Amino acid sequence: DNPSAPAVALIFCRIIKVTAKQIQDLTTKLALDKLTVDHIWSTWKHFLSGHIHLLAGRCMAQFIICTVYGVCVVYKMKEDVTFKKIIKIYREINPISNFECFVLFNNIEIEDVLTIDLFDLFNKHFVPPMSNYIHKFKNLRNQQEALAPDSSVADAKCLLDTVRTCLRQNNA
């Protein structure tokens with residue numbers, strides 16, 4: 001019996017809700033297919049459940065962008081989905097000044113001493129713990145595409161299901 005458990009659950013639900021919207025907006029503007037969006041969402045939830053400690057002193061947007069980019073690299077969309085393009089779309093969705101953009105994506109503090117950019121954060125801090133998880137879906141993509149029903153359901157359905165479940169649990 002942890003007395004802070006309800007508060008932690010509430011915070012986690014809020015994180016899920018906010019990041020679901022950010023991922024939905026990014027993936028919609030990037031025009032990513034449902035399978036890719038599902039994989040991005042699964043990867044993000046895995047990150048939150050197993051590697052949330054990496055967020056200490058950092059911004060969730062940095063790791064959301066790393067997640068989107070990482071999945072797209074595995075699916076060989078590297079030419080179409082670059083860090084530059086994801087950041088451009090992020091800035092359209094979340095208007096920030098050039099200075100804020102520089103600090104958020106080019107001046108990331110590591111261990112209060114070193115500063116790195118988003119690409120280094122991706123390569124040195126996101127890929128090592130997340131690579132196996134991201135790659136496990138690579139071989140399943142063709143199978144999923146063959147089995148997936150042709151549907152016009154919004155790509156965000158997979159994101160919203162988790163949020164709805166979380167909110168139902170909160171209201172119970």
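**Aromatic pairs and helix packing**

Phe47 counts as buried (under 20% relative accessible area, with exposed over 50% and partly exposed in between, for a 1.4 Å probe and protein chains only), because its relative accessibility is 0%. Phe63 is likewise buried, with a relative accessible area of 0%. The model is a predicted one, in which local features need pLDDT of at least 70 and side-chain atom pairs count only at pLDDT 80 or more, while totals for chains, interfaces and linings use all residues. Residues are numbered from 1 along each chain as its sequence is written, and side-chain values use heavy atoms, with hydrogens and water left out.

The structure holds ten aromatic pairs, where rings of Phe, Tyr and Trp (its six-membered ring) pair if their centres lie within 6.5 Å, and planes under 30 degrees apart count as stacked, over 60 as edge-to-face and the rest as tilted. The rings of Phe47 and Phe63 have centres 4.9 Å apart and planes at 25°, so this pair is stacked. Because Phe47 lies in helix α2 and Phe63 in helix α3, the pair ties together parts that are 16 residues apart in sequence. Ring pairs also link Phe47 and Phe63 into a cluster with Trp44, Tyr69, Phe83, Phe119, Phe122 and Phe126.

Helix α3 (residues 60-74) also packs with helix α1 (residues 5-29), at an angle of about 50° and with the axes 11 Å apart. The two helices, α1 and α3, are therefore oblique to each other, a term for angles that are not under 35 degrees (roughly parallel), over 145 (roughly antiparallel) or 65 to 115 (roughly perpendicular).

Definitions and conventions. Axes fitted to C-alpha atoms, helices over the stretch in contact; angles between N-to-C directions. Helix = DSSP H or I, 4+ residues; strand = E, 2+ residues; numbered from the N terminus.
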